[in-house]
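Please keep the sequence and the structure at hand while reading.

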Amino acid sequence: MADRPLKLRRLTKILSRYGVTRDDTRGKGSHVIFHGDRDGQAASYPMPKKKDVSKPYVAGCRRRFG
């Protein structure tokens, strides 16, 4: 996963390969939360519900979930 802008659907599909799930019921109304495990501990990351996810969010998500 390169650090470049991605569609939210594409990012969700990529992260699901690594066991990260998307939770639309939590977060602010304009955000969703991604949940996954990292080194045996739970990790979460908020993401805006926009169609295009900007580069800083993609990079932060990549750092958070390894």
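**Fold, salt bridges and surface charge**

The protein chain contains 2 helices and 5 strands. Read along the sequence, these elements follow the pattern β-α-β-β-β-β-α. The radius of gyration is 11 Å, close to the 11 Å that the globule rule gives for 66 residues, so the protein chain is as compact as a globular protein of that length. The model is predicted.

**Dimensions and burial**

- The C-alpha trace of the protein chain spans about 30 × 25 × 20 Å along its principal axes.
- Of the 66 residues in the protein chain, 35% count as buried.

**Salt bridges**

- Side chains of opposite charge can pair when their charged atoms come close.
- With a cut-off of 4 Å between a side-chain nitrogen of Lys or Arg and a carboxyl oxygen of Asp or Glu, the count comes to 2 salt bridges.
- K7 has a relative accessible area of 44% and is partly exposed.
- D52 also counts as partly exposed, at 44% relative accessibility.
- Another salt bridge is formed by D24 and R22, with the closest N and O atoms 2.9 Å apart.
- D24 is partly exposed, its relative accessible area being 43%.
- R22 counts as partly exposed at 34% relative accessibility.

**Positive surface patch**

- R4, R9, R10, K13 and R17 form a positive surface patch.
- Within this patch, R9 is placed in helix 1 (residues 8-16).
- R9 has a relative accessible area of 74% and is therefore exposed, the cut-off for exposed being over 50%.
- Patch members need over 30% relative accessible area and no salt bridge, and R9, at 74%, is above that area cut-off.

**Points to check in the viewer**

- Where is R9 placed? R9 is in helix 1, and its side chain is part of the positive patch that also includes R10 and K13.

How values were computed. Residues numbered from 1 in each chain as written. Predicted model: local features only at pLDDT ≥ 70, side-chain atom pairs only at ≥ 80, totals over all residues. Heavy atoms only, no water. Patch = residues over 30% accessible without salt bridge, like charges linked within 9 Å, V, L, I, M, F, W, Y side chains within 5 Å. Areas by Shrake-Rupley, 256 points an atom, 1.4 Å probe, with all protein chains shown as cover. Lys, Arg positive; Asp, Glu negative; His and termini not counted. Charge placed at Lys NZ, Arg CZ, Asp CG, Glu CD. Helix = DSSP H or I, 4+ residues; strand = E, 2+ residues; numbered from the N terminus. Buried < 20%, exposed > 50% of the residue type's maximum accessible area, 1.4 Å probe, protein only. Rg over C-alpha atoms; globule rule 2.2 N^0.38 Å.
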